[in-house]
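Dear colleague,

Please find below the structure I am handing over to you. My findings follow it, and I would be grateful if you read them with the coordinates open.

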Amino acid sequence: MRTEHIGSLTAEYSRPAVDLDTWRQAIAAAVVPLEIREKPGTPFQGRLRHTAFDGVSVFELATTAHTVRRTPALISREDSRFYKLSLQLSGHAVLDQDGRRAVLGPGDLAIYDTHRPYTLHFPESSRAMVMVIPQEPVDLSPEQISRVTATCFSPDQGFGRLINPFFVELCNSIEQLPEAYGSRLVHSALDLMVTMLAHELDSRHEGPAHAAGSLGREVREYILANLGDETMTPASIAAAHFVSVRYLYTIFAEESQTIAAWIRARRLEHIRRDLSDPIHAQRPVSWVAGRWGLHDAAHFSRLFRAEYGESPSAYRRKRLGQECLAAAS
């Protein structure tokens, strides 16, 4: 695990609490610029802890009453795209995005998108865990995510009974975990999050738009379940779902990449995870790549280097830090 320093703030709660100007600078440097205003008559004070695993940042924030806005003027096309998953630990918060409002109490979860405007209002002193997640590893499209932003997931209902306590315990113990195992748990958390969001989408009945969205999720789930099949192509995927290849392409039209590029990105992401995982430390790199459908070693190595800037073997040694990995690479 890597301890992150944000200005004068460290992975331990900052002592003493920082003022509003310091908080603004710290949050802007760590994630994205925000408009932050204290509650009139209540001077702002904030404390935080911040750790990062494999590109996913985990914050625990304790603050006095304040309001946060991500305004259109603060959003740039060039900004990296992130989702934020917020778990309320104490106090209350009100999240507004995409025409919906979620009132969050202790134990409640919600997700929001930093690439679209949102408002978070904290009417009282509160504590929250926030996971900042790059858009790429989330196996739902931005359009699908936009339909479940600012939705309250309660620990008393549905999947929240199982999933919300997991996030609470993750927040409580994450600093004690070695980086490789912390990364594994964080990716498990992302999988749980996607499961909960997909279930929420499926529970809604929205006519033809819902049917098209359901097919899109089915296609993505099919692809993820068959990533190890090197013969999978857009034509075979379309045939498996009784649609034309042209219609399949329309499902991915909202993505910034083609279906072939999406499949390749998912394969590389899973390979990267496995190369960081001590469970697979003694497996050859070629075995890891083949597990996810990339059997041509030279082709795979070129793809990996182009995506991550170094060879698979070098990446693995850096992540796991074990000399004995040379023999397995």
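Leaving aside its neighbours within four places in sequence, which residues is Met 131 in contact with? Please note before the reply that the model is a predicted one. The contacts of Met 131 include Val 56, Ser 57 and Val 58, as well as Tyr 83, Lys 84 and Leu 85. Met 131 also touches Phe 167 and Leu 170, together with Val 186, Ala 189 and Leu 190.

Met 131 belongs to the largest nonpolar core, a set of 29 residues. Within this core, Met 129, Met 131, Phe 167 and Met 193 have the most contacts. At least two core residues are supplied by each of strand S4 (56-63), strand S6 (82-90), strand S9 (109-113), strand S11 (126-134), helix H3 (160-173) and helix H4 (179-203). The largest share, eight residues, is from H4. Another core lies apart from this one and has 26 residues, including Leu 20, Ile 27, Val 68 and Ala 110.

Two residues with positive phi also deserve mention.

Asp 98 is not a glycine, yet its phi is positive, near 55°. Asp 98 is placed in the loop between strand S7 (93-97) and strand S8 (100-104). It counts as partly exposed because its relative accessibility is 33%.

Ala 150, likewise not a glycine, has a positive phi of about 50°. Its place is in the loop that runs between helix H2 (142-146) and H3. With a relative accessible area of 3%, Ala 150 is buried.

Yours sincerely

How values were computed:
Residues are numbered from 1 along each chain as its sequence is written. This is a predicted model: local features need pLDDT of at least 70, side-chain atom pairs count only at pLDDT 80 or more; totals for chains, interfaces and linings use all residues. Side-chain values use heavy atoms; hydrogens and water are left out. A nonpolar core is a set of buried Ala, Val, Leu, Ile, Met, Phe, Trp, Tyr and Cys residues joined through side-chain atoms within 4.5 Å. Buried means under 20% relative accessible area, exposed over 50%, partly exposed in between (1.4 Å probe, protein chains only). Helices (H or I, at least four residues) and strands (E, at least two) are DSSP runs, numbered from the N terminus. Contact means heavy atoms within 4.5 Å.
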